[in-house]
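Dear colleague,

I am writing to hand over the structure below for your study. Please look through the sequence and the model before reading my notes, which follow directly after.

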Number of protein chains: 2
Amino acid sequence: MGVTIKDVARASNVSVATVSRVLNKHSNVSDETVEKVTRVMEEMGYNPNCLGRDLRKSETRRILAIIAATEQSFYSDVLRGMDEAAFAQGYDVLIATTHDDPEHEMHLLKMLLSHSVDGAVLLGAKQEASTISKLAENHNIALCLERMEGCNVLTVTIDNVKAGKDAVNYLISKGHRRIGLISTETRSQSSVDREKGYRQALKENNIPFDEKLVYLGTYETESGTTGCRYLLGLEEPPTAIFSISDMIAIGAMNYAISKGVNIGKDVIFFGFDNIAYSHIFVPHLSTVEQPCFLQGKLVIEKLINNIKSEIPDKSVYMLPHSLVLRESTGD
Amino acid sequence: MGVTIKDVARASNVSVATVSRVLNKHSNVSDETVEKVTRVMEEMGYNPNCLGRDLRKSETRRILAIIAATEQSFYSDVLRGMDEAAFAQGYDVLIATTHDDPEHEMHLLKMLLSHSVDGAVLLGAKQEASTISKLAENHNIALCLERMEGCNVLTVTIDNVKAGKDAVNYLISKGHRRIGLISTETRSQSSVDREKGYRQALKENNIPFDEKLVYLGTYETESGTTGCRYLLGLEEPPTAIFSISDMIAIGAMNYAISKGVNIGKDVIFFGFDNIAYSHIFVPHLSTVEQPCFLQGKLVIEKLINNIKSEIPDKSVYMLPHSLVLRESTGD
DNA sequence: AGATAAAAAGAAAACGTTTTTTTAGGCGAA
DNA sequence: TTCGCCTAAAAAAACGTTTTCTTTTTATCT
């Protein structure tokens, strides 16, 4: 195999311990030895073997980010935030995808048990809350973007209830009182929270909740199209539609356009996520923007804190969101 | 720390070697011992420590996929293919992002040198071809999606020259002779190859190449918009436009729509990649589809072969692409 | 019963590091 | 001189496995 620390030691007439000390920049080694050993390492093309090092120190300085799939466009910003925070402290972030399979997710979580990584961040977990809680008792684990109800684990997210409420309140402030909601069958916590916000906004404005105005589908664009067809086909159709994601909202607008609806006038639309396409697609979509980069950065900072300290921080951090107003609400 | 193989051995009155043999399902251990040890492992909640194992076997069964950023939507399918092939052979694929920074890419490649992973796949490398070639001499490395000119390394991609030629030939077959090209300043190999295909198609049809019909920008949608504005503003504007990516093509169509151009009739458009939005955006975009899943699958299969064998396969595999015809070409 | 082979399991070495413990010199103070 | 202290470096232990080498036990054949 490759050249090991032993080879370097032999070649520079010094013990392995000394080479190690040079490698780790310990103080108690003479300048000339440092110089000599460094030169030999250079000459021999020595590369320290992480496996030995990690075993001895029992740390890997690696953090695993577990996601369902990479296609969610805003993951990119979250991961950039994670990378930045990790790199600043000499950690690496590795990503693994579950492909929406809970079993595969569990397989990846086991990297924590086998000491393959020092910590893990779940961006939308598929396990039971109790499973995660249990795991979090002995391992460094965190949730990002999606909180889990009743899960005692470090979490960084936004207040989706408030965000949903803000969006719907805005629609109401524009004078609308029949407001449709397009959400998902899948009860992800963020969907549930955004729906909750929708209801709260209605309630605060004394608008009765109408079951008929809610359409539950999938996360696909097509589902937005179907949902919009359903909503606009009602006897008393809504004049404003809040979708729990931009993808869905774009599908919804697609249907409205095909029916000649004057978007931003006849019917106004609000999305969620502020994906790139929401200002590429015409008309541009009003939406909720969440601080992706910052969430990624914070979750890693907090997680590394936990890795380094004895008493883990299991708080839920909620970062502020904001509304982005564009043509779809007539702005 | 956690419970180790030694603890299990002690608790089940057996040597560590035997526990290891049970763990690895070796044949020469009696049924009752297997049963006993398995039970004790269960009871104690034993989890083998990868660090010890990996060091001893000097393999990690992990492969690193290096990408610039996760936002490229078709990466998702490639990674799915990679995961599937890897999982089938007991490997894990870990992803890391370079954020377009060559230095960070190099940092990640060093995981190969430090034995942190058994192999690496680059999806669009930023290093010099010679650097990669050199690295590939002693390490298991592969390129996927983007080949590198003069780089002696295992590669799985499509024939971008032919793909570009096919697209442009199709535009020509529709009777067009003034054909615009929107590509990128950044000389990525795929861009270069697709441009080459564009020229070949012109040549084969005796259409003189006109420098003016080529616009070079970025990979952003906005660049497509700018490019289209430029092209349609020419004295002799093109009647067909080939963009080297769907994102760009969509930006281009966006401009055309805003100018009241009848897409698919007055001007026809061809993209590349078949991203999800190419059939969400109206009019639906004709485009080149590449076999993402298969490329991912194949590159991992070949790479694992290399990991396991002495003589590495450094072939360039080119998988077949296909044309997807939609409204933007009047189909 | 005794010899021999086969099976099961223990002991110890090995993987490549880091860290703790020892050792060897050099130097100053009593 | 002797003692202790400091620095530099060597030696050895440790991390948790797997694997090789031995040893013990069991089974089989004459």
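A:Pro291 sits in the loop that runs between β10 (287–289) and α12 (292–308) of chain A. Please note that the model is a predicted one. A:Pro291 is classed as partly exposed because 18 other C-beta atoms lie within 10 Å, whereas a buried residue would need 20 or more. Leaving aside residues up to four places away in sequence, A:Pro291 touches A:Leu319 and A:Pro320. From A:Gln200, A:Pro291 is separated by 91 residues in sequence and by 23 Å in space, C-alpha to C-alpha.

The next topic is the contact between the two protein chains. Here, 35 residues of chain B are in contact with 35 residues of chain A. On the side of chain B that touches chain A, two or more residues come from each of α4, α5 (75–88), β2 (92–97) and α11 (246–258) of chain B. By class, this side of chain B holds 16 nonpolar, 14 polar and five charged residues.

Finally, I turn to the DNA. There are 29 residues around DNA strand D, and those that come nearest are A:Ala17, B:Ile5, B:Ser20, B:Asn49 and B:Gly52.

With kind regards

Key. Residues are numbered from 1 along each chain as its sequence is written. Chains are lettered from A and ligands numbered from 1 in the order in which they are written. This is a predicted model: local features need pLDDT of at least 70, side-chain atom pairs count only at pLDDT 80 or more; totals for chains, interfaces and linings use all residues. A residue is near a molecule or strand if its C-beta atom, placed from the backbone, lies within 6 Å of it. Two residues are in contact if their C-beta atoms, placed from the backbone, lie within 7 Å. Helices (H or I, at least four residues) and strands (E, at least two) are DSSP runs, numbered from the N terminus. Ala, Val, Leu, Ile, Met, Phe, Trp, Tyr, Cys and Pro count as nonpolar, Asp, Glu, Lys and Arg as charged, and the others, Gly among them, as polar. A residue is buried if 20 or more other C-beta atoms lie within 10 Å of its own, exposed if 12 or fewer, and partly exposed in between; C-beta atoms are placed from the backbone.
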